[in-house]
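Have the sequence and the 3D view open as you read.

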Amino acid sequence: MEAYNQRFLSEQASRRRDIFKDSALGLVSTCSFPAMVGTADMMLKTAGVHLIGYEKIGGGHCTAIIRGAIADVRLAVESGVQTAEQFGQLVSSLVIPRPYPNLEAVLPINSRLSALAENSYNRLSDQAIGLVETRGFPALVGAADAMLKAADVQLAAYEKIGAGLCTAIIRGSVANVAVAVEAGMYEAERIGELNAVMVIPRPLDELEQTLPVASCWIEERQPLNLPVNIKEQVAETELVQLPDLTRLPLKMSEE
């Protein structure tokens, strides 16, 4: 039994080394949650990488972590940096080719990637997500209320990253989300301070699975309710007797 356990541990360690052999880690850090989500979305759509998750360390700093082939990660991080710079929210970026396996013991890299691969159902297919980030909770609540009243959207969740920054996350069709985000921007500026906004049409599966969600808006299949009244009596119908077609005279055509 002890020999079997040693062989199993050795095979597991060898498998982990193979996973990290030709892969790379990419990290892009921003000082805004919507900017980080937009950066992650752009990295996923630029190259064949996997979004492992996010790390929030307070003070408004948050990092998107991706993994994949070295060339794909380099290309994705470059695209993510450009996206974060466009929003003026870039803090730093990093690419680690062939990371040492000891990183797996400290950073939950494999566990997160396995969890993302298990669930392939995308609740946001053919939908869009909108993010409005404010500095101060009253501005967030006011912006969320304005967005819900401005268009047919749902408030999915909200996220706090420190330094007074909090983000409302809404869901709906692309047009409704765009209208709602615009209304939320004006309301946030009226109440307090608007920090960042983002609209992401049709997000990919891995991005959707890393976003915070509220169980109140996840769709569930509802039973079909037919409008049937059992107490209502069916009216009796009158039976009509059809004639015997074999006894009907045949019409002879004259030559």
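Which handedness does the crossing of H6 and H7 have? The crossing of H6 and H7 is right-handed. Before going further, bear in mind that this is a predicted model.

## The chain overall

The protein chain has 8 helices and 8 strands. Of its 255 residues, 38% are buried. If you take the contacts between residues at least 6 apart in sequence, 77% of them join residues at least 24 apart.

## Helices H6 and H7

Back to the pair we opened with. Helix H6 covers residues 137-150 and helix H7 covers residues 174-191, and the two pack at an angle of about 145° with their axes 8 Å apart. From H6, the contact uses Pro138, Ala139, Gly142, Ala143, Ala146, Met147 and Ala150. H7 brings Val179, Ala180, Val181, Ala183, Gly184, Glu187, Ala188 and Ile191.

What classes of residue make up the contact of H6 with H7? There are 12 nonpolar residues, 2 polar and 1 charged.

## Helices H2 and H3

Now look at helix H2 (residues 33-46) and helix H3 (residues 70-86). They pack at an angle of about 145°, and their axes are 8 Å apart. The crossing of H2 and H3 is right-handed.

On the H2 side you'll find Gly38, Thr39, Met42, Met43 and Thr46 in the contact, while H3 supplies Leu75, Ala76, Val77, Ser79, Gly80, Thr83 and Ala84. Sorted by class, the residues in this contact of H2 with H3 come out as 6 nonpolar, 6 polar and no charged.

## An aromatic pair at Phe33

How many aromatic pairs does a search of the whole structure find? The search turns up 2. One of them joins Phe33 and Tyr54: the ring centres are 6.1 Å apart and the planes sit at 80°, so this pair is edge-to-face.

Phe33 belongs to helix H2 and Tyr54 to strand E2 (residues 49-58), so the pair ties together parts that are 21 residues apart in sequence. Both Phe33 and Tyr54 are buried.

## Ser29 in strand E1

Tyr54 also gives us a way to get to Ser29. The two are 25 residues apart in sequence, and their C-alpha atoms are 9.5 Å apart in space. Ser29 sits in strand E1 (residues 23-30). Is Ser29 buried or exposed? Its relative accessibility is 8%, so Ser29 counts as buried.

Leaving out residues up to four places away in sequence, Ser29 touches Cys62, Thr63, Gln89, Leu90, Val91 and Ser92. With Thr63 there is also a polar contact, side chain to side chain, at 3.4 Å.

## Thr134 in strand E5

Thr134 is part of strand E5 (residues 128-135). With a relative accessibility of 0%, Thr134 counts as buried. Which backbone oxygen does the side chain of Thr134 reach? That of Gly136, at 3.0 Å.

Once neighbours within four places in sequence are set aside, Thr134 is in contact with Ala139, Leu140, Gly164, Leu165, Cys166, Ala188, Glu193 and Asn195. You've met two of these names already: Ala139 is on the H6 side of the contact between H6 and H7, and Ala188 is on the H7 side.

## Glu208 in helix H8

Glu208 lies in helix H8 (residues 205-210). Its relative accessible area is 2%, so Glu208 is buried. How far apart in space are Glu208 and Asp41, given that they are 167 residues apart in sequence? C-alpha to C-alpha, Glu208 and Asp41 are 9.5 Å apart.

## Two backbone spots to check

Finally, a couple of phi angles. Ala163 has a positive phi of about 60° even though it is not a glycine. Ala163 is in the loop between strand E6 (154-162) and strand E7 (165-172). With a relative accessible area of 41%, Ala163 is partly exposed.

Arg202 is another non-glycine residue with a positive phi, here about 45°. You'll find Arg202 in the loop between strand E8 (193-201) and H8.

Notes:
Residues are numbered from 1 along each chain as its sequence is written. This is a predicted model: local features need pLDDT of at least 70, side-chain atom pairs count only at pLDDT 80 or more; totals for chains, interfaces and linings use all residues. Side-chain values use heavy atoms; hydrogens and water are left out. Axes are lines fitted to C-alpha atoms, for helices over the stretch in contact, and angles run from 0 to 180 degrees between N-to-C directions. Helices (H or I, at least four residues) and strands (E, at least two) are DSSP runs, numbered from the N terminus. A crossing is left-handed if the near helix is turned anticlockwise from the far one by less than a right angle, and right-handed if clockwise. Contact means heavy atoms within 4.5 Å. Ala, Val, Leu, Ile, Met, Phe, Trp, Tyr, Cys and Pro count as nonpolar, Asp, Glu, Lys and Arg as charged, and the others, Gly among them, as polar. Rings of Phe, Tyr and Trp (its six-membered ring) pair if their centres lie within 6.5 Å; planes under 30 degrees apart count as stacked, over 60 as edge-to-face and the rest as tilted. Buried means under 20% relative accessible area, exposed over 50%, partly exposed in between (1.4 Å probe, protein chains only). A polar contact is a pair of N or O atoms within 3.5 Å; within protein, one must be able to donate a hydrogen and the other to accept it, and residues adjacent in sequence count only if both atoms are side-chain atoms.
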